[in-house]
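Here are a few notes on the charged side chains, as promised. Have the model open while you read.

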Amino acid sequence: MIRDSVILLAEIDPLSKEIECIMCLNTVNDSRMCIHCSVIVCAKCIESWINKQKTCPKCSHPVQQTDFVKCRLADKLVEFIEISKLNSCSSHSKETPRVYCSTCKKYVCFKCILINGQHIDHEYKYIDEDFKKIITLNHKLLGFLRKRCKNNQDNLAALELAIQTLLNDHSEKVKHGNTIQQTTDLLIKETQHLFDDYQKKKQICIDMIKMDESIIKDIEQRLNESKSLSDQEEILQVLQKHIPSNIEWTENAI
């Protein structure tokens, strides 16, 4: 995890453009990179595209979904940018934000208030170190939830493939196998056992995905609407309820 640091917004904006999805034009979410031209896109964007088109949206090379691989560097850059923006004033890139303007709903520095006279009549609250640490921690925990959700989605896809393979294999064995009833019954029994096991695991994945997607949506909305330290502490409490206590998420890991 990247520690708190000051980075100029002038440096962040060009960096954001480098990891912008060419399809939705937003900062990439769950990145995928074309193995032919290295273009970066969102996983959901390229999945929808490939269902209709079989060429790369950038280089037009014939592709399938496996031609777009995970780009961990892009995901790390997204995380870095999100945290860095918390540490830079939107109006004065060299200044660290010290207060939250409730009227404008953004973080500002003392120069905005004392020198330029901006926000002077607005409602604002001071940001202390605990506030910034909890914000960073909440983003880290949200990242854990996103990763867990993605892993379960991958597991679900693998289970669906395994179920289909099992059904196809069973169908072929019954078709070409011994016609003796006892052998056929044994084959059906063995296949049914595996099928039931796969189905149970599949349902567990579906339930966990639904739960995590609901939590992620709620947390993202809470983070966008957060205005105070108490708001961030409430978000942290919600996150802690849904994340195992044995993972390394403490402040020392930030």
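1. Does Lys70 count as buried, partly exposed or exposed? Lys70 comes out as partly exposed, at 34% relative accessibility. The cut-offs here: buried is under 20% relative accessible area, exposed is over 50%, and partly exposed is in between, with a 1.4 Å probe and protein chains only.

2. Before going on, keep in mind that this is a predicted model, where local features need pLDDT of at least 70, side-chain atom pairs count only at pLDDT 80 or more, and totals for chains, interfaces and linings use all residues. Residues are numbered from 1 along each chain as its sequence is written, and side-chain values use heavy atoms, leaving out hydrogens and water.

3. The count of salt bridges is 8, taking a side-chain nitrogen of Lys or Arg within 4 Å of a carboxyl oxygen of Asp or Glu as the rule. One of them links Lys70 to Asp75, with the closest N and O atoms 2.7 Å apart.

4. Asp30 and Arg32 pair up too, at 3.1 Å from N to O. Asp30 is partly exposed at 22%, while Arg32 is buried at 12%.

5. In helix H5, residues 129-176, look at Lys150 and Asp154, which sit 4 residues apart, about one turn of the helix. (Helices are DSSP runs of H or I, at least four residues, numbered from the N terminus.) Their side chains form a salt bridge at 2.7 Å, N to O. Asp154 is partly exposed at 40%, whereas Lys150 is buried at 18%.

Terms used. Helices (H or I, at least four residues) and strands (E, at least two) are DSSP runs, numbered from the N terminus.
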